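Q: I have a structure on screen and a list of terms to learn. Please show me how to read them one by one.

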Amino acid sequence: YLGEFEVTGYCGCKTCCGKKDKSLTRTGTEPRAGHTIAVDSRVIPLGTRIVIDGVTYLAEDTGKAIKGYQADIYFDTHEEAVRYGRRKKEVYLYHESNP
């Protein structure tokens with residue numbers, strides 16, 4: 001158990017990420033829904049697998065507004081990200097025995 005985090009949704013749009021030539025994560029990968037999560041890398045190192053609500057995410061991204069016990073889940077569309085909103089969620093470190 002890593003703690004209770006404030007979790008929000010984000011996408012690759014200009015509103016969520018600002019103007020970019022290409023939507024890549026901090027680790028250089030293309031973000032994927034149901035897979036990519038942005039974190040404060042001082043709390044959760046990039047490359048770490050975490051579990052929220054039974055879904056395993058890979059910490060591949062960071063964000064200026066993400067500080068401490070906060071995380072952003074990547075969605076394919078801005079509408080999905082907004083619909084997800086902001087929620088308090090229990091976050092766990094992924095273990096092979098608990099996918």
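A: Start with the disulfide: a pair of cysteine sulfur atoms within 2.5 Å. Keep in mind that this is a predicted model, where local features need pLDDT of at least 70, side-chain atom pairs count only at pLDDT 80 or more, and totals for chains, interfaces and linings use all residues. Residues are numbered from 1 along each chain as its sequence is written, and side-chain values use heavy atoms, with hydrogens and water left out.

Q: How many disulfides does the whole structure hold?
A: A search finds zero. Take C11. Its closest cysteine sulfur is in C13, 3.4 Å away, and that is too far for a bond. C16 is in no disulfide either; its nearest cysteine sulfur belongs to C11, at 3.7 Å.

Q: Is C11 buried or exposed?
A: Relative accessible area decides: buried means under 20%, exposed over 50%, and partly exposed lies in between, with a 1.4 Å probe and protein chains only. C11 has 2%, so it counts as buried. C16 has 30%, so it is partly exposed.

Q: Next, salt bridges. What is the general idea?
A: Side chains of opposite charge can pair when their charged atoms come close. The cut-off is a side-chain nitrogen of Lys or Arg within 4 Å of a carboxyl oxygen of Asp or Glu.

Q: How many salt bridges does the structure hold?
A: Four. One of them joins the side chains of E6 and K88, at 3.5 Å from N to O. E6 lies in strand 1 and K88 in strand 6, so the pair ties together parts that are 82 residues apart in sequence. Strands here are DSSP runs of E with at least two residues; helices are runs of H or I with at least four; both are numbered from the N terminus.

Q: How exposed are E6 and K88?
A: E6 is partly exposed, because its relative accessible area is 21%. K88 has 53%, so it counts as exposed. E6 and K88 also belong to a salt-bridge network with R86.

Q: Which side chain meets K89 in a salt bridge?
A: That of D53, at 2.7 Å from N to O. The two come from distant parts of the chain: K89 is in strand 6, while D53 is in the loop between strand 3 and strand 4, 36 residues apart. K89 is buried, because its relative accessible area is 16%. D53 is exposed, because its value is 55%.

Q: And which side chain does R42 meet in a salt bridge?
A: That of D40, at 2.8 Å from N to O. R42 has 70% relative accessible area, so it is exposed. D40 has 6%, so it is buried.

Q: How do strand 3 and strand 4 pair?
A: Two strands pair if DSSP finds at least two bridges between them. Strand 3 and strand 4 pair in the antiparallel sense over four bridges. R49 stands opposite L58 in strand 4. The two strands form a hairpin with two residues between them, and D53 in the turn has a positive phi of about 55 degrees.

Q: Over how many bridges do strand 3 and strand 6 pair?
A: Three, again in the antiparallel sense; strand 6 covers residues 86–93. Here I50 stands opposite L93.

Q: How do I read a nonpolar core?
A: It is a set of buried Ala, Val, Leu, Ile, Met, Phe, Trp, Tyr and Cys residues joined through side-chain atoms within 4.5 Å. The largest one here has 15 residues, and those with the most contacts inside it are V7, I37, I50, I52 and I73. Among the elements that give two or more residues to this core are strand 1, strand 5 and helix 2 (78–84).

Q: What does I50 touch?
A: Contact means heavy atoms within 4.5 Å. Leaving aside neighbours within four places in sequence, I50 is in contact with residues including L2, I37, V55 and V91.

Q: Last one: what kind of contact joins the side chains of D72 and T8?
A: A polar contact, at 2.2 Å. The term means a pair of N or O atoms within 3.5 Å; within protein, one must be able to donate a hydrogen and the other to accept it, and residues adjacent in sequence count only if both atoms are side-chain atoms. T8 lies in strand 1 (residues 3–10), and D72 lies in strand 5 (residues 70–74). T8 is buried, because its relative accessible area is 12%. D72 has 17%, so it counts as buried.
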